[in-house]
Number of protein chains: 2
Amino acid sequence: MGKKNLSLKDIAEKAQVSTALVSYVLNGKEKETRVGQEIAEKIRQIAKDFNYQPNYLAKSLRSGKTYTIGLIIADISNPFFANIARIVEDEAKKNGYTVIIGSSDENAAKSRDLIDVFVNRKVDGFIIVSSEDTEEQVQDLMDKNIPFVLLDRHFPELPTDYVSLNNYKAAYEAATHLLEGGYLKIGFIGYKSRLFHMKERIRGYQEALQNHQIAAEPEWLLEVEFNTLEEIRTGIDNMLEARHRVNALIFGTYRLAISGLKYINELGLKVPDDLAIVSFGQAEAFDLYYCPITYVHQPMADLGKTAVEVLVKKLKGEEGEKKQVMMEAEIITRSSSKAKAAVD
Amino acid sequence: MGKKNLSLKDIAEKAQVSTALVSYVLNGKEKETRVGQEIAEKIRQIAKDFNYQPNYLAKSLRSGKTYTIGLIIADISNPFFANIARIVEDEAKKNGYTVIIGSSDENAAKSRDLIDVFVNRKVDGFIIVSSEDTEEQVQDLMDKNIPFVLLDRHFPELPTDYVSLNNYKAAYEAATHLLEGGYLKIGFIGYKSRLFHMKERIRGYQEALQNHQIAAEPEWLLEVEFNTLEEIRTGIDNMLEARHRVNALIFGTYRLAISGLKYINELGLKVPDDLAIVSFGQAEAFDLYYCPITYVHQPMADLGKTAVEVLVKKLKGEEGEKKQVMMEAEIITRSSSKAKAAVD
DNA sequence: ATTTGTTATTTAATCGATTAAGCTTACATT
DNA sequence: AATGTAAGCTTAATCGATTAAATAACAAAT
């Protein structure tokens with residue numbers, strides 16, 4: 001109804017009391033501050049009648065708290081991050097926080113910009129999916145005592161809170177799953193990255209082969225710079241050369257899998273007979289593929305939820321030790337990695 | 001370096017001047033306010049040395065502007081909205097705005113909550129993908145003089161700014177495309193909704209059939225309440241009954257298409273021979289499907305970009321008439337709607 | 001009558017920036 | 001010498017809320 005936004009002062013005038021009383025009453029401090037019953041009731045009524053809404057800017061300026069969380073991800077248009085963002089949004093809301101999201105495009109400079117902007121806007125804390133070469137930014141946050149939690153990725157050499165996945169184990173299990181299905185020549189397509197999570201996926205893949213006495217050919221590991229059809233094409237061609245031809249492929253992210261599968265379709269290869277497939281991450285596309293794709297299920301809901309929990313606890317001052325949570329992934333087996341018939 | 005955040009006052013003390021001068025200089029008003037050259041330089045230097053960052057809360061409280069845009073969408077984890085969100089984020093940033101995103105889940109109550117929260121946080125304006133039964137909320141914003149632009153969906157009876165798609169025409173063309181390919185028995189699966197954009201898609205489909213002298217069977221139109229396998233299954237079964245069997249299907253959203261295609265796979269129907277397919281909206285999954293899916297391409301980048309432009313213009317006071325932008329979709333033809341051989 | 005205590009309320013500083021208005025100088029003009 | 005005026009700064013109010021400290025009003029105790 002009311003056109004303009006009423007302030008505390010307006011309510012105070014209407015109730016013929018000072019702003020202090022109004023503030024006390026509306027913030028549930030009437031007991032401690034001994035506000036009279038009648039006056040309190042009157043104030044409450046007037047606030048309600050005029051639909052008083054406090055100005056959060058003023059509140060925040062005074063209290064130093066904005067009840068806002070900055071979420072830095074690589075790209076909100078990537079379903080993996082979008083899913084996480086949704087969980088974070090919901091969990092944050094449950095705790096009375098609003099989320100500002102920024103997409104870094106895996107770019108350290110953009111990430112720094114976003115963090116700066118969000119710090120200026122006085123977010124209470126950050127949830128960050130780190131990009132390559134952002135250790136310094138993380139260190140800065142620690143120096144400035146700004147609370148944050150790293151999500152999905154972390155830097156093992158930095159003593160930060162984080163919530164991420166046991167990528168080594170997940171990759172190890174993915175490879176083992178294929179090996180046990182009779183696929184002994186397994187390729188891996190990931191990103192060329194200094195980021196720990198990707199390194200761990202590769203290490204898991206490699207150690208699984210080693211522990212099964214498989215001597216991996218160097219061509220079996222492809223680390224692309226970007227997810228371009230160009231690179232994927234060349235890499236897969238390489239893996240398919242006769243003298244070291246792979247019969248299974250693990251993709252390090254679902255997007256790489258989609259690019260790879262497109263090319264595999266082009267080549268007319270049949271999954272899983274010509275090539276078995278396991279991918280990290282889930283995708284709608286995997287369900288619709290003629291041969292549903294086996295994937296490493298990342299517990300996005302748990303990841304996001306836990307990250308918010310850890311951060312909110314820090315924000316509420318219920319600190320404790322560093323919270324370093326490592327979650328387990330689960331292999332969802334579908335036909336793309338069906339065990340080989342006992343031939344071959 | 002500096003641990004604590006310096007305020008204007010701190011800078012002023014270090015420079016031995018009043019806060020007013022510092023404010024003038026750092027806001028580029030030294031000319032109008034005749035600040036001395038030397039002092040100005042000194043202030044600038046000190047601000048730089050100590051990496052002074054203004055407190056946006058204070059600025060906003062004073063100016064009444066937060067340079068924040070509230071974006072209300074149905075669900076950030078839905079790629080369609082996530083893509084739009086990304087565009088909006090980037091465009092907003094170019095204009096110096098930060099975006100807060102909220103997911104309404106197509107639910108009027110949640111939508112209202114989000115709007116309230118964002119209004120309290122004093123966003124400068126809104127970009128809204130409206131849910132059903134939110135006309136009142138839109139009207140409230142108008143009454144309160146809060147700038148906003150409706151995106152992707154609008155209410156024809158409300159005189160608001162909006163940026164959306166010519167859904168009628170897009171659906172008409174989609175149906176016509178199928179008709180011209182020889183598919184005369186076309187079903188449509190959409191949502192049961194009072195929202196204009198969905199009604200328009202249905203109308204476009206229906207009028208295309210009419211104008212081609214096709215008498216549509218009532219079973220050909222399925223309006224689901226929710227996107228459940230249950231409803232889809234029953235509906236498609238219905239459309240496939242012998243006496244009025246369809247040979248082509250239009251899906252009203254990409255998610256409906258994905259659900260529908262899953263069931264079509266289950267049934268063992270071959271696209272496009274048993275059933276031709278056209279879907280609204282694009283999806284990664286469509287590329288990977290054994291028979292790539294023809295779809296109505298929605299110009300998300302243009303939609304998002306234009307919405308931000310329109311809103312920012314309003315925010316800058318460069319008003320004018322109501323901006324009501326209606327964009328055209330484009331049919332991207334793939335094999336799922338390949339013209340029938342001249343048999344049948 | 002004075003002190004003490006309790007309850008109920010107001011005053012005013014504060015958060016950090018912006019900005020209209022006021023105050024000093026210095027110097028030019030009459 | 002008196003007046004005007006422009007340059008260069010400072011003062012202080014303001015945005016809207018919170019909250020420690022001060023004050024008022026009144027009852028009970030000394």
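This section describes the arrangement of the chains, the surfaces near the DNA strands and several backbone features in a predicted model.

The relation between the two protein chains is considered at the outset.

Chain A is divided into three parts: domain 1 (8-54), domain 2 (66-164 + 300-327) and domain 3 (167-298 + 331-343). Taken over C-alpha atoms, the centres of domain 1 and domain 3 of chain A are separated by 64 Å. An unreviewed UniProt entry annotates residues 6-63 of chain A as "domain: HTH lacI-type". This span of chain A is 64% helix and 0% strand, and its end C-alpha atoms lie 20 Å apart.

DNA strand D is surrounded by 25 residues, the closest of which are A:S7, A:A20, A:N55, A:A58 and B:G36. Two or more residues of this surface come from each of helix 1 (8-15), helix 2 (19-26) and helix 4 (56-63) of chain A, and likewise from each of helix 2 (19-26) and helix 4 (56-63) of chain B. By class, the surface near DNA strand D comprises 12 nonpolar, eight polar and five charged residues.

Around DNA strand C there are 26 residues, and those that come nearest are A:G36, B:S7, B:L8, B:A20 and B:A58. Here the elements giving two or more residues are helix 2 and helix 4 of chain A, together with helix 1 (8-15), helix 2 and helix 4 of chain B. The residues near DNA strand C divide into 12 nonpolar, nine polar and five charged.

Most residues other than glycine have a negative phi, and most peptide bonds are trans. In chain A, the peptide bond from A:V271 to A:P272 is cis, with omega near 0°. The proline of this pair, A:P272, is located in the loop between helix 11 (254-267) and strand 9 (276-280) of chain A. In chain B, B:V271 and B:P272 are joined by a cis peptide bond with omega of about 0°, and B:P272 lies in the loop between helix 11 (254-267) and strand 9 (276-280) of that chain.

Positive phi values in residues other than glycine occur at A:Q16 and at A:Y67. For A:Q16, phi is near 60°; the residue belongs to the loop between helix 1 and helix 2 of chain A. A:Q16 counts as exposed because it has 9 C-beta neighbours inside 10 Å, where the cut-off for this class is 12 or fewer. For A:Y67, phi is about 50°, and the residue is placed in the loop between helix 4 and strand 1 (68-73) of chain A. With 18 C-beta neighbours inside 10 Å, A:Y67 counts as partly exposed.

Notes: Residues are numbered from 1 along each chain as its sequence is written. Chains are lettered from A and ligands numbered from 1 in the order in which they are written. This is a predicted model: local features need pLDDT of at least 70, side-chain atom pairs count only at pLDDT 80 or more; totals for chains, interfaces and linings use all residues. Domain bounds come from an automatic or database domain assignment. A residue is near a molecule or strand if its C-beta atom, placed from the backbone, lies within 6 Å of it. Helices (H or I, at least four residues) and strands (E, at least two) are DSSP runs, numbered from the N terminus. Ala, Val, Leu, Ile, Met, Phe, Trp, Tyr, Cys and Pro count as nonpolar, Asp, Glu, Lys and Arg as charged, and the others, Gly among them, as polar. A residue is buried if 20 or more other C-beta atoms lie within 10 Å of its own, exposed if 12 or fewer, and partly exposed in between; C-beta atoms are placed from the backbone. UniProt positions are given in the numbering used here, feature names are shortened, and annotations may be inferred rather than shown by experiment.
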